[in-house]
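Me: I have a structure open and would like to go through it in short questions and answers. Please keep to what can be read from it and from its records.

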Amino acid sequence: MYSLRPLRRRIPRLAASPSASKRWSTSISQRPGSDRVRFPGAVNSKFTTDMTFINPQESASIPTYRVMDSDGLLVDRSRGEIGISNEEVLTWYKNMLTVSIMDVIMFEAQRQGRLSFYMVSAGEEGISVGSAAALTPDDVVFAQYRETGVFQQRGFTLKNFMSQLFANNNDNGRGRNMPVHYGCAYPRTHTISSTLATQIPHASGAAYALKLQALQNPDKPRSIVACYFGEGAASEGDFHAGLNIAATRSCPVVFICRNNGYAISTPTLEQYRGDGIASRGIGYGIETIRVDGNDIFAVYESMRAARGRALEGGGKPILIEAMSYRVSHHSTSDDSFAYRARVEVEDWKKRDNPIIRLRKYLENEGLWNEDLEREAREGIRREVLREFGEAERAKKPAIREAFEGVYDEVTEEAREQMAELKRILETYPDEYDLRQFEGGIKGL
Amino acid sequence: MASPRLFRPAARLLSSRLSSAPFRPVVQTACTPSILRSRGYATESGPKEVTVRDALNEALTEELESNQKTFILGEEVAQYNGAYKVTRGLLDRFGPKRVIDTPITEAGFCGLAVGAALAGLHPICEFMTFNFAMQAIDQIINSAAKTHYMSGGIQPCNITFRGPNGFAAGVAAQHSQDYSAWYGSIPGLKVVAPWSAEDAKGLLKAAIRDPNPVVVLENELLYGQAFAMSEAAQKDDFVLPIGKAKIERPGKDLTIVTLSRCVGQSLNAAAELKQKYGVEAEVINLRSVKPLDVETVIQSLKKTGRLMCVESGFPMFGVSSEILALSMEYGFDYLTAPAVRVTGAEVPTPYAAGLEALSFPQEDTIVGQAAKLLRL
């Protein structure tokens with residue numbers, strides 16, 4: 001035990017130093033006669049002689065915030081106007097329609113073998129469009145894979161979508177990702193990762209970076225991170241790690257859980273036993289709200305308020321649990337009728353859905369009608385198909401792209417391989433059709 | 001494929017062979033005699049075409065039937081019959097206590113399975129793909145593989161981890177990785193990689209019966225492929241020994257050591273080599289990554305004098321690297337040409353179908369590299 005000796009000698013010296021008598025700001029001590037626990041792990045808990053186990057089944061569920069009902073009428077008549085311009089509400093509606101129409105077309109295109117994979121977001125357009133409407137382009141988004149509406153609302157164009165789906169030269173991801181793994185530099189939106197829930201700790205980290213940047217540049221407008229995930233992803237360890245670190249480091253991040261009832265085939269009843277995902281936020285000491293995800297106003301309002309709260313003080317995380325129903329299959333690799341009744345899905349489609357609900361509201365307000373609906377749908381459909389065709393015909397990324405991006409700089413080996421490829425392509429020009437690649441041989 | 005630079009040191013070593021490595025006659029002492037030569041082929045009377053998926057399903061059914069301590073758990077394994085339908089019908093037959101759907105928590109259900117194994121059950125833990133098992137790799141390596149050792153041998157962990165491994169079709173970098181080398185490097189784990197239906201059934205059953213933690217690396221692209229299954233393999237007592245390779249095709253000119261899906265490609269390549277150049281390539285299906293059947297490889301190398309490894313992992317620090325290193329240690333003086341690797345490319349797997357194909361060994365790559373090695 002020689003190694004311990006110097007340490008033991010050092011300890012008494014430390015204790016004798018003047019700093020030893022000073023208390024840390026986090027220091028806690030139990031005062032005599034207090035009726036409250038002053039343990040470091042629970043600083044304001046009352047002592048009790050009543051041995052009670054808390055049974056979550058007995059406590060009331062967290063309520064769900066709602067602005068309009070399924071008939072598109074404001075629930076609280078006394079609250080006054082919605083306070084959002086008609087123009088903006090119409091934009092939201094068209095954005096939801098666009099996502100839903102694009103989804104149907106692309107799902108079919110996948111079935112025809114024209115792209116390898118697709119994920120629709122039917123039933124959840126309200127959550128993504130409504131929440132993104134409360135964000136600024138400087139806010140950083142980490143999405144999962146069912147947030148097409150976030151991209152649509154943040155200005156991702158049909159051309160952007162189609163270019164990614166067909167992995168052509170205009171794709172930000174240079175054709176390296178599976179379909180629906182969108183991403184763009186501005187509005188700041190991280191590229192979607194296939195692996196589930198990894199974005200949640202990343203979001204906490206990005207929010208921490210924003211917090212530090214705000215300390216360095218107090219004059220710059222503050223921004224937050226918005227992090228999307230499903231209730232299934234919230235079972236992964238990353239969720240728990242991400243929320244806990246965001247709470248302890250006070251990171252300005254809004255976590256938005258899309259609770260759509262299914263994680264591929266696993267219904268929420270088998271996914272968790274607690275009161276949804278919202279109850280977990282409370283457990284981590286995070287301000288939490290549950291909203292009706294089919295009510296775009298409720299989603300928007302809670303996101304706007306959450307954004308404000310997240311920036312209060314030095315910053316803090318907020319959790320929004322938005323309730324909805326996944327009307328669609330999980331992805332093109334899934335047939336959900338293997339594990340749920342078709343009638344259940346049809347019932348949800350008809351009974352309540354964010355698009356129909358907002359349409360009812362717009363019609364009640366005299367802002368929308370059958371003719372406008374038909375016109376809008378036809379217009380969007382035409383536009384989607386036009387971009388679809390163009391993206392399918394567009395050139396593939398330049399050949400050089402096959403070598404780039406693995407490291408910041410192309411490695412020596414890869415450069416040698418590029419030179420070798422170029423030599424082969426130039427020696428046998430008749431053997432290779434390079435017209436489909438941007439720049440042909442010059443693209444190498 | 002590995003970059004040319006990776007081959008250069010080997011080439012230099014060959015040219016200065018006499019002055020460099022001293023001869024080490026280790027083979028005779030280090031390896032136990034192979035039982036392969038004595039094992040004949042199964043009787044021809046009733047072979048049946050069986051897909052790998054059905055063979056795995058059969059293995060699971062038989063083991064669940066015969067051993068009450070076994071149970072299977074994972075995402076989608078019960079109600080949905082498995083993401084790739086490997087567990088089809090098991091819920092109906094064995095009920096929800098032994099075929100268990102889990103929340104999406106790899107760390108959670110894998111940890112639970114490891115705990116159940118430490119408590120004496122024989123769980124079979126399915127990962128939707130081994131790409132997702134990275135969420136639980138701490139449980140697999142630090143808990144499952146090491147607890148027997150660290151408990152002083154009192155805490156066995158009879159667990160089977162299984163699921164598809166490697167690249168599939170158009171699922172991009174985060175879903176297309178071969179973990180053979182990852183798990184193969186861990187003391188305490190056994191790792192098998194079946195190719196044919198017989199492999200799949202025999203190795204999965206062996207894995208479930210083995211008292212150690214065993215990782216069964218299946219391949220999504222093989223699930224639907226049908227293979228002839230001998231009458232012996234159709235029986236419920238059919239088990240393959242872990243740690244024994246199989247010579248799928250005997251030959252005298254070149255040894256091709258390979259595993260999983262690459263076995264099929266190598267066999268086709270060997271047929272083409274025969275047809276084009278009259279070369280007899282011996283194809284060894286490793287079957288087991290850990291323990292590795294060094295003897296079969298070295299015996300073959302001694303016969304042919306030339307060694308080529310084919311795998312779909314990344315080039316560096318892989319299964320092929322290991323076999324090439326072993327060939328240096330045990331068979332250096334029998335090599336008449338530098339041994340070569342044909343592996344996946346040093347690049348995160350591209351999404352584009354054309355590039356994806358180019359990132360992994362194809363039959364013509366194998367033929368081309370073999371021709372180069374043999375100077376044809």
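Reply: UniProt positions are given in the numbering used here, feature names are shortened, and annotations may be inferred rather than shown by experiment. The model itself is predicted.

Me: Which feature does UniProt place at residues 93-399 of chain A?
Reply: The stretch is 46% helix and 10% strand, and its end C-alpha atoms are 40 Å apart. The UniProt entry is unreviewed.

Me: What share of the residues in chain A is buried?
Reply: Chain A has 14 helices and 9 strands, and its C-alpha atoms fill a box of roughly 85 × 70 × 50 Å along the principal axes. Of the contacts in chain A between residues at least 6 apart in sequence, 73% join residues at least 24 apart. A residue counts as buried if 20 or more other C-beta atoms lie within 10 Å of its own. By that cut-off, the buried share of the 444 residues is 41%.

Me: Which residues of chain B does UniProt list for "domain: Transketolase-like pyrimidine-binding"?
Reply: This feature also comes from an unreviewed entry. Its stretch of chain B is 36% helix and 16% strand, with end C-alpha atoms 8 Å apart. The record lists residues 50-225.

Me: Why is strand β4 of chain B, residues 122-126, largely enclosed by the rest of the structure?
Reply: In a regular strand the side chains alternate between the two faces of the sheet. In β4(B), H122(B), I124(B) and E126(B) are on one side, with P123(B) and C125(B) on the other, and both sides are covered. The strand is largely enclosed because the number of its residues that are buried is 5 of the 5.

Me: Which residue in β5(B) is the bridge partner of E126(B)?
Reply: Strand β2 of chain B, residues 70-74, runs parallel to β4(B) and is joined to it by 5 bridges; there T70(B) stands opposite H122(B). Strand β5 of chain B, residues 160-164, also pairs with β4(B) in the parallel sense, over 3 bridges. In β5(B), the partner of E126(B) is R162(B).

Me: Which elements give two or more residues to the side of chain B that touches chain A?
Reply: The contact between the chains involves 24 residues of chain B and 29 residues of chain A. The chain B side has 13 nonpolar, 8 polar and 3 charged residues. The elements of chain B asked for are α1 (4-15) and α5 (106-118).

Me: Over which residues of chain B does pLDDT stay under 50?
Reply: The model scores ipTM 0.78 and pTM 0.84, and chain B averages a pLDDT of 88, with 88% of the residues at 70 or above. Where pLDDT is low, the predicted coordinates should not be read in detail. The stretch under 50, for which the model has 35 contacts beyond four places in sequence, is residues 1-38.

Terms used. Residues are numbered from 1 along each chain as its sequence is written. Chains are lettered from A and ligands numbered from 1 in the order in which they are written. This is a predicted model: local features need pLDDT of at least 70, side-chain atom pairs count only at pLDDT 80 or more; totals for chains, interfaces and linings use all residues. A residue is buried if 20 or more other C-beta atoms lie within 10 Å of its own, exposed if 12 or fewer, and partly exposed in between; C-beta atoms are placed from the backbone. Helices (H or I, at least four residues) and strands (E, at least two) are DSSP runs, numbered from the N terminus. Two strands pair if DSSP finds at least two bridges between them. pLDDT is the predictor's confidence in each residue, from 0 to 100. Two residues are in contact if their C-beta atoms, placed from the backbone, lie within 7 Å. Ala, Val, Leu, Ile, Met, Phe, Trp, Tyr, Cys and Pro count as nonpolar, Asp, Glu, Lys and Arg as charged, and the others, Gly among them, as polar.
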